[in-house]
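Here is a short briefing on one structure. Look over the sequence and the model, then read the points below.

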Amino acid sequence: MSLSSERLAKTVEKCVLEAPVVDIHTHLYSSSFGDLLLRGIDELLTYHYLIAETLRCIPMKPKEYYAMGKEEQADLIWKTLFLERSPVSEACRGVVTTLQEYGLDTSSRDLDSYRRFFSNISVEEHVDLAFKKANLEAVVMTNDPFDPVESSRWEEGAERDPRFLAALRLDPLLNTWTSAVPILKERGYDVAEDFSGKTVSEVRRFLEYWRKKMEPVYLAVSLPPEFTYPDTSPRGRLLEDVILPFCKETGLPFAPMIGVKKLINPELRLAGDSVGKSCIGAVEQLCLRNPEVRFLVSILSRENQHELAVAARKFSNLKVFGCWWFLNNPSLVEEITTMRMELLGLSFIPQHSDARVLDQVVYKWKHSKEIITKVLVRKYQDLMATGWTLGEDEIKRDVNSLFYGNVKDALNLA
Ligand code: FIX
Ligand code: ZN
């Protein structure tokens with residue numbers, strides 16, 4: 001039965017709200033990884049986005065900030081960004097949204113009362129609460145086999161919560177080959193910086209070891225704006241001789257996330273990364289020269305979004321995902337999602353949370369769903385103006401493809 005234009009907005013809102021989410025990129029960990037899973041109000045407040053915002057407002061050097069304890073850091077950020085100013089930035093508003101979604105009194109501004117709430121829930125209850133509030137079916141982690149703490153957790157073989165899928169992250173291998181070589185050698189891989197001897201087959205063996213260990217749903221890497229392909233650099237050789245053949249043979253997608261200028265302000269540490277305009281030609285060549293590999297691509301610069309969407313029209317093995325990092329703001333999510341829907345219809349993955357703290361999924365998905373609802377309503381209104389009729393079941397079908405269907409297809413998930 002076709003919907004009236006009056007009922008359209010409410011129906012879209014309901015379908016989006018009810019749509020389960022598979023979150024294709026996060027920095028969350030299953031609780032079996034122990035303290036690698038960040039959660040609670042002090043972690044929310046000391047998110048690197050808020051560290052950067054705080055240090056713009058007070059005469060404190062990053063070194064001084066990082067010398068403080070976690071609770072002291074959170075107190076400072078709360079005072080600076082939430083009490084002495086209104087928390088209007090997206091990262092600030094997100095904290096308040098999450099507190100509200102958890103049923104806490106945000107008008108009290110009583111940080112200790114929020115701390116008491118979080119201290120009273122177990123990690124298992126906490127994961128269930130956040131997943132329920134965000135209507136999450138599953139999240140994909142970011143798993144770095146070169147990270148000593150994380151790799152030891154994998155070697156310990158802790159039981160993983162099935163809602164936490166793995167992604168094999170390869171930044172050290174592809175971006176700092178010179179320092180990756182000694183780590184690989186120490187772990188028994190017969191590799192050489194000049195790629196002589198058995199280097200290619202040994203790096204392949206390394207990938208295979210971690211594929212068996214992690215059972216990743218894709219391979220990922222974050223890349224600088226100057227990333228080019230094909231390329232004779234170590235990165236280019238590793239892509240050509242190891243990574244892309246590995247993805248082709250295993251059927252695992254490859255997810256280059258492009259445009260990060262690492263540590264342009266090193267003192268800020270994780271908060272010190274920035275953005276640069278990337279070369280879409282590298283993405284086009286990846287897709288053209290590797291037709292049997294499926295690429296999941298997110299690019300960090302707003303200026304690259306239109307050409308990325310056009311590139312996706314040219315290559316069916318290119319799936320665009322997310323409004324990443326500095327793009328994950330309502331004004332840009334609306335602009336980018338509208339443009340993608342106009343160019344790609346429903347064949348893209350509109351968002352990922354990039355959550356580093358468990359509770360961030362609550363606000364990141366609430367905020368994103370509000371914007372995507374707005375875009376969808378406008379697009380359906382345009383459609384209905386042509387006399388096209390729409391039923392609730394069709395809207396539900398479309399919405400589910402955006403929030404989990406396209407992800408499940410891309411990741412070969414049942
Ligand atoms: O490379 C990445 O996965 C980025 O998302 C992170 O490094 C970044 O710090 C982040 O969390 C952005 O939201
Ligand atoms: Zn990330």
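How far is an oxygen atom of ligand 1 from an N or O atom in the side chain of D354? The distance is 2.9 Å, which is a polar contact (a pair of N or O atoms within 3.5 Å; within protein, one must be able to donate a hydrogen and the other to accept it, and residues adjacent in sequence count only if both atoms are side-chain atoms).

This is a predicted model, in which local features need pLDDT of at least 70, side-chain atom pairs count only at pLDDT 80 or more, and totals for chains, interfaces and linings use all residues; side-chain values use heavy atoms, with hydrogens and water left out. Residues are numbered from 1 along each chain as its sequence is written, and chains are lettered from A and ligands numbered from 1 in the order in which they are written.

**Zinc site**

- The zinc ion (ligand 2) has three protein donors listed: H25 (NE2), H27 (NE2) and D354 (OD), at 2.0 to 2.1 Å.
- Donors are N, O and S atoms within 2.8 Å of the metal (3.2 Å for Na, K and Ca); water is not among the atoms, so sites may look incomplete.
- The donor residues follow the spacing H-x1-H-x326-D in sequence.
- H27 sits in the loop between strand 1 (21–23) and helix 2 (41–45), and D354 in the loop between helix 16 (330–344) and helix 17 (360–384), so the pair ties together parts that are 327 residues apart in sequence.
- Helices (H or I, at least four residues) and strands (E, at least two) are DSSP runs, numbered from the N terminus.
- H27 is buried at 16% relative accessible area, and D354 is buried at 8%.
- Buried means under 20% relative accessible area, exposed over 50%, and partly exposed in between (1.4 Å probe, protein chains only).

**Ligand 1**

- The residues around ligand 1 are H25, H27, Y47, H48, Y49, R169, S222, W324, W325, D354 and R356.
- A residue counts as near a molecule or strand if one of its heavy atoms lies within 4 Å of it.
- The side chain of Y49 has an N or O atom 2.5 Å from an oxygen atom of ligand 1.
- For the side chain of H48, the corresponding distance to an oxygen atom of ligand 1 is 3.0 Å.

- Five strands make an open sheet in the order 4-5-6-9-10, with parallel pairing.
- Strand 4 (167–169) and strand 10 (318–320) are the edge strands, and each pairs on one side only.
- Two strands pair if DSSP finds at least two bridges between them.
- Neighbouring strands of this sheet are turned by 25° against each other on average, direction ignored.
- Strand 4 and strand 5 (218–223) are parallel and share three bridges.
- L168 stands opposite L219, and R169 has A220 as its bridge partner.
- Strand 5 and strand 6 (254–258) run parallel and are joined by five bridges.
- L219 stands opposite F254, and A220 has A255 as its bridge partner.
- Six of the six residues of strand 5 are buried, so strand 5 is largely enclosed by the rest of the structure.
- Y218, A220 and S222 point one way from strand 5, while L219, V221 and L223 point the other way.
- Five of the five residues of strand 6 are buried, so strand 6 is also largely enclosed by the rest of the structure.
- Both faces of strand 6 are covered, with F254, P256 and I258 on one side and A255 and M257 on the other.
- Helix 15 (305–314) lies across strand 9 (295–299) and strand 10, at about 140° to strand 10.
- Axes are lines fitted to C-alpha atoms, for helices over the stretch in contact, and angles run from 0 to 180 degrees between N-to-C directions.

- Another open sheet has three strands in the order 1-2-3, with parallel pairing.
- Strand 1 and strand 3 (164–165) stand at the edges with a single partner strand each, so one side of each is left without a neighbour in the sheet.
- Strand 2 (136–140) and strand 3 are parallel, with two bridges.
- V139 has F164 in strand 3 as its bridge partner.
- Helix 8 (123–134) packs on the sheet and touches strand 1, strand 2 and strand 3, with its direction at about 110° to that of strand 2.
- Helix 18 (392–410) packs on the sheet and touches strand 1 and strand 2, with its direction at about 55° to that of strand 1.
- Contact means heavy atoms within 4.5 Å.
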